Amino acid sequence: ADDPYEFTVTARSTLGQARAAVTIPVVIVEETVPAVSISPRTGTLQADASFKVNEQDDLVLDGSCSSSSATLQWSVNPAIDVGETSAFPLGFDGLVFKLLGGSGILREDVVYTFSLTCSSGGTVGRAEILIYVNPGPRGECQACRVGTQGNGRACDT
C-alpha cells in the first residue's frame, strides 16, 4: 500500500487568540473514478438548479456512468417509502429511474435529492439532482357550460 500524504489545515481567529488544526491523511490511487451524471426527462429547471415536477406526472431520470461494468444504485433523501414497489417499475439499480405519477410517494413542497451511485473496481462515482414537487391547485374547481336553463349557464362543482 502507498504511504498517505498528510495535509494539515490550521485556522485561527483574526485576533490570533483562538486556533485549531486538523491533519487528514490522503492516499493517491491510480484507479479511475467513474463519471456519473443525471438528466431529467420530466420537470422544469428552477433558478436554484432544482427541477420542479408535478405530483401527478411520472418522474423519469436518465443516469449515465462511464464504466459499463459498474454496479448502479439510486437513492433519495429525505427517505421515501420504497415498499410500494409498483410505483417504481424500473427498480433502483438501472440507468433509468422511474416513479409513477400520482403514487403519493413524494410530498409537495419538499425538495428531494435523488442520487445515482456508480461503483466499479473499488471506486465510486456519484451524481445528484434536486427535485421539487410542485404543489397542486388549491380551492374549489367549477366547470360551467353555456345552456338554456335559468341564467343560461349550467355549472358543476
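1. A disulfide is a pair of cysteine sulfur atoms within 2.5 Å. In this predicted model, Cys65 and Cys118 meet that rule, with their sulfur atoms 1.7 Å apart. The count by this rule is one disulfide.

2. Where do Cys65 and Cys118 sit? Cys65 belongs to strand E6, residues 59–65. Cys118 belongs to strand E9, residues 111–120.

3. Now the overall fold. How many helices and strands does the protein chain have? There are zero helices and 12 strands. Read along the sequence, the pattern is β-β-β-β-β-β-β-β-β-β-β-β. The protein chain has 157 residues, and buried residues make up 26% of them.

4. Next, the aromatic rings. A pair of aromatic rings is described by the distance of the centres and the angle of the planes. The structure holds six aromatic pairs. One of them joins Phe88 and Phe97, with ring centres 6.0 Å apart. The planes of Phe88 and Phe97 stand at 45°, so this pair is tilted. Tyr112 and Phe114 make another pair, with centres 6.5 Å apart and planes at 55°, so this pair is tilted too.

5. Phe88 has 5% relative accessibility, so Phe88 counts as buried. Phe97 has a relative accessible area of 0%, so Phe97 is buried. Tyr112 is at 0%, and therefore counts as buried. Phe114 is at 0%, and therefore counts as buried.

6. The ring pairs also build a group. Which residues do they link into a cluster? The members are Trp74, Phe88, Phe92, Phe97, Tyr112 and Phe114.

7. Look next at Glu84. This residue lies in the loop between strand E7 (71–77) and strand E8 (96–99). Partly exposed covers the range between the buried limit of 20% and the exposed limit of 50%. Glu84 has a relative accessible area of 41%, so Glu84 is partly exposed. The side chains of Glu84 and Ser86 are joined by a polar contact of 2.7 Å. Glu84 and Ile105 are 21 residues apart along the chain, and their C-alpha atoms are separated by 8.5 Å.

8. The loop between E7 and E8 holds Pro78 as well. Check the peptide bond from Asn77 to Pro78: this bond is cis, with omega near 0°.

9. Two backbone angles deserve a look. Ala49 is not a glycine, yet has a positive phi of about 75°. Ala49 lies in the loop between strand E4 (44–45) and strand E5 (51–54). Asp109 is not a glycine either, and has a positive phi of about 65°. Asp109 sits in the loop between E8 and E9.

10. The structure holds one cavity of 30 Å³ or more. The largest cavity contains about 80 Å³ of space. Which residues are closest to the centre of the largest cavity? They are Asn54, Glu55, Asp57, Leu99 and Leu106, out of 13 residues that line the cavity. The lining divides into six nonpolar, four polar and three charged residues.

Technical notes:
Residues numbered from 1 in each chain as written. Predicted model: local features only at pLDDT ≥ 70, side-chain atom pairs only at ≥ 80, totals over all residues. Heavy atoms only, no water. 1 Å grid on protein atoms, 1.4 Å probe; cavity = no way out; pocket = protein on both sides within 12 Å on 5 of 7 lines; lining within 4 Å. Points joined across faces, edges and corners; volume = space filled by probe spheres on them. Nonpolar A, V, L, I, M, F, W, Y, C, P; charged D, E, K, R; others polar. Helix = DSSP H or I, 4+ residues; strand = E, 2+ residues; numbered from the N terminus. Buried < 20%, exposed > 50% of the residue type's maximum accessible area, 1.4 Å probe, protein only. Polar contact = N/O pair within 3.5 Å; in protein donor to acceptor, adjacent residues only side chain to side chain. Phe/Tyr/Trp six-rings, centres within 6.5 Å; stacked < 30°, edge-to-face > 60°.
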